[in-house]
Amino acid sequence: MVDSTLDQVGKNLSEAMRFLGEEQREPEAATERQHFSRSCIPGPLQGDGQDVATVLRLVHNLIHEEEDEEDKPSQNRMQNVGEHGQMALLGHSLAAYISMMDKEQLRKLTTRIQSDTTLWLCRLFRYENGSTCFHEDDRDGLVKVCRLVINARYEEYATEGYVVLNTRQPVIYQSASCRPGLGQHLCSQLGLPLSSLCTVPCNTLFGSQHQMDVALLEKLIKEDINAGKLPLLLIANAGTPGAGHTDKLGRLRELCDQYNMWLHVEGVNLAILALGQVTSSIMAATRSDSMTLTPGPWLGLPAVTAVTLYRHEDPALSLAAGLTSSHPVEKLRALPLWLSLQYLGHNGIVQKIKHATTLSQLFLQKVQSLTCIKTLVEDESDSPVVLFKFNQEESTASSESFCAGEKEVLDAFNRWLGEELAELVPTSGIDVVELEDEGTCVRFSPLLTAAVLGTREEDVESIVEKMTELVFVMSSTMSLREDFREETHKRSPSLRYINEFAWPGLGVVRYEMQANGMDEDRKKQEQEKINTELLKKLQELDTDILFSTGPEFVTEQGCIFVGMVTDDVDVSDLVDTIAALGRDIEESGKVLQNMTEVVRKGILEAELQLQKANEEKLMEEGMLRQLPVVGSVLNWFSPIQSSIKGRTFSLAAGSLDSTEVTYSTKAQADRPSLQDTPISSSKKLPGQKLFRRAGASTDFTETSFTQAEASFQEENPTGIGSSINPPISAPTPETPHHTSGDLVPEKNLKSSSEIDDLEASEEMHPEGQEAEGSTR
């Protein structure tokens, strides 16, 4: 007999997943999302209820709200949930339904679910006679384990509480490569002082620099015992969060047995325990007292809890520590994982983990062939985490330090490399990590991302292909940074080189205006305007080089950040262009300022001349003629003959001139013709980008140049506006000599009398027509 409610839960979940997962919506739905994005301010709860479709549509709009605002697909789009993922989501729905069952029936069902899941996980990961604790936060299992150990080592802790800890202060040991903030979280949850946390440094001379120094750990344990403290628990790593290295778990197990300490292991490499062949370093984790697993990322299961496997014989202490619960509803946390494990089966689980390790090995083999990439792998034969970085010493750049702060520059380049790879190949799961000794590195950890993102071997090929292109650009940029710096210094004080080590590019430059005697605040404002306009000019150029204002937080403001370049870039030409454009902008500003001053002085002079002309008119006509009624009568009886003197104000000269010349010649004096304006022409080939050295690229050969020139001449037979080989005007000979081979059209020849008549007719044209003709 099939439960109709269970069947309906499954159908509702499938319908909801289908609705929320739709990428293409009809225009009506898109319009509704846009309307919703404009009115997404929280409001009061509506009085009438809404159906399931309306609520799901609201959730869909919230998910895709950012895409509608930016009018483009979001990079952080939800991943496609497969059938095994839907089983995990179904588990959450079923848990809510099962929680309403009868208490006795609920107890039997939850006990069966937890028992099955515990048995399967212990067999999968080779952890015999273990118990399980399911928790949402992957740190909660360790917190509860610490409570268990405190209850076990301090017999009176259950009755006396924290008072018994004063007799012998407990000490928790962790590696310096542990997760950041893990020890502080433990002390906060357990109510222990930070002095109870001891961080053990990693190896410095022998072994991996990301492994705990066992000899130093033993020394610290002895010092704490001599100080009257109690060594309580040791946190070891089977795959550090940054580099993915594994501590010497076998040696640490012996040390914990010697000093009666609890050994807890965590890390991504614990997933390898499910494979058929496991190295001894990872196999030693099965002898630990407890270990935390995160099957959700390993198997691509959404919203699945983390699991802590532990061994302890006293169930009462486990209950007091919170590792077990007497409430059946809390045991339902295992239901999503229980369903997913059954759906995948043993072979499916092993296959997913095996696929991730295969991807890492394939990527490691390919990335080691790149000459400018340094790999930081603990065990190349079986490493699920590949850590690598761009190294200047391995590249084609000079081995000498090109400037101060080389480490910061390399960190910036590696950060750029990781971000570019993650953007170019989104399914790769590439991320950037910061290590204390190695600096910024790029990490490929398919165990954490492959099952969720669906990474395949084709994606590994794409990563290596893109990395080869990016590394070539990075090597070229690194080798030209010093040239850019020197060329900028040569053009000092017009250009100033800025040592911005955090910028992954050719360099940072700022144009310095030459203004002596100007106020510093005003000079800073004017200089910022010039550099802003200069950046716009550079961004409008036809070039592949990226010019920007740099990161959001920079030490220097008003600078031009030059991005990555290839090896065929002419750095000298690039710097010359920046300096020339900056000078043009500065001179244009000076011309505008001078024109403003000239116009202001010209206006004052014009006012004085007009005032003087009015005084002369008054002296000439007399006082009576200025009266309104008397002047009109006097002018009627005795008209005065006065010539009207017009005035014209020249903006170029800033002076007030008479219009007698204008009216006599019908033309503006000293009016420049537009034909006299020089036309600048560029010598680059069609399709060729700026700042490329001649002959550096094989795309522009002599044949292609000839073909481009011929095709351009066919499109422009008159040669007007030609940017390839502009015509050079030859001097006109005094006496033309025509040979028999010269072909001169008769219609283009005019006699001297016809030319004189033409000039005379042009002088008789009205002023507006003449002005129009002068612009032809």
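**Entry 1: two helices**

I began with a pair of helices and found that helix 15 passes helix 17 in a right-handed crossing. A crossing is called right-handed if the near helix is turned clockwise from the far one by less than a right angle, and left-handed if anticlockwise. Helices here are DSSP runs of H or I with at least four residues, strands are runs of E with at least two, and both are numbered from the N terminus. On the helix 15 side, the contact (heavy atoms within 4.5 Å) is made by Ile353, Ala356, Leu359 and Ser360. Helix 17 brings Pro446, Leu447 and Ala450. I looked up the geometry too: helix 15 covers residues 335-367, helix 17 covers residues 446-453, and they pack at an angle of about 115° with their axes 9 Å apart. The axes are lines fitted to C-alpha atoms, for helices over the stretch in contact, and the angles run from 0 to 180 degrees between N-to-C directions.

**Entry 2: what I am looking at**

I noted that this is a predicted model, where local features need pLDDT of at least 70 and side-chain atom pairs count only at pLDDT 80 or more, while totals for chains, interfaces and linings use all residues. Residues are numbered from 1 along each chain as its sequence is written, and side-chain values use heavy atoms, leaving out hydrogens and water.

**Entry 3: the whole chain**

I looked up the secondary structure and got 25 helices and 17 strands. Of the 776 residues of the protein chain, 40% count as buried. Buried means under 20% relative accessible area, exposed means over 50%, and partly exposed is in between (1.4 Å probe, protein chains only). Among contacts with a separation of 6 or more, 69% come from residues 24 or more positions apart.

**Entry 4: rings**

How many aromatic pairs does the structure hold? I found seven. Rings of Phe, Tyr and Trp (its six-membered ring) pair if their centres lie within 6.5 Å; planes under 30 degrees apart are stacked, over 60 edge-to-face, and the rest tilted. Tyr157 and Tyr162 make an edge-to-face pair, 5.7 Å centre to centre with 90° between the planes. Tyr157 counts as buried because its relative accessibility is 17%, while Tyr162 is partly exposed at 43%. I also saw Phe363, Phe388 and Phe444 linked into a cluster by ring pairs.

The charged end of Arg311 sits over the ring of Tyr127, 3.8 Å from its centre. For this, NZ of Lys or CZ of Arg must be within 6 Å of the ring centre and within 35 degrees of the ring normal.

**Entry 5: cysteines**

I searched the whole structure for disulfides (cysteine sulfur atoms within 2.5 Å) and found zero. Cys122 is buried at 11% relative accessibility, and Cys198 is buried at 16%.

**Entry 6: Leu230**

Leu230 lies in strand 4, residues 230-237, and its 6% relative accessibility makes Leu230 buried. Beyond neighbours within four places in sequence, the contacts of Leu230 include Arg153, Tyr154 and Arg168.

Most residues other than glycine have a negative phi, and most peptide bonds are trans. I therefore noted the exceptions. The peptide bond from Ser492 to Pro493 is cis, with omega near 10°, and Pro493 lies in the loop between helix 18 and strand 12. Arg126 has a positive phi near 60° and is found in the loop between helix 6 and strand 1. Asn260 has a positive phi near 55° and lies in the loop between helix 11 and strand 5.
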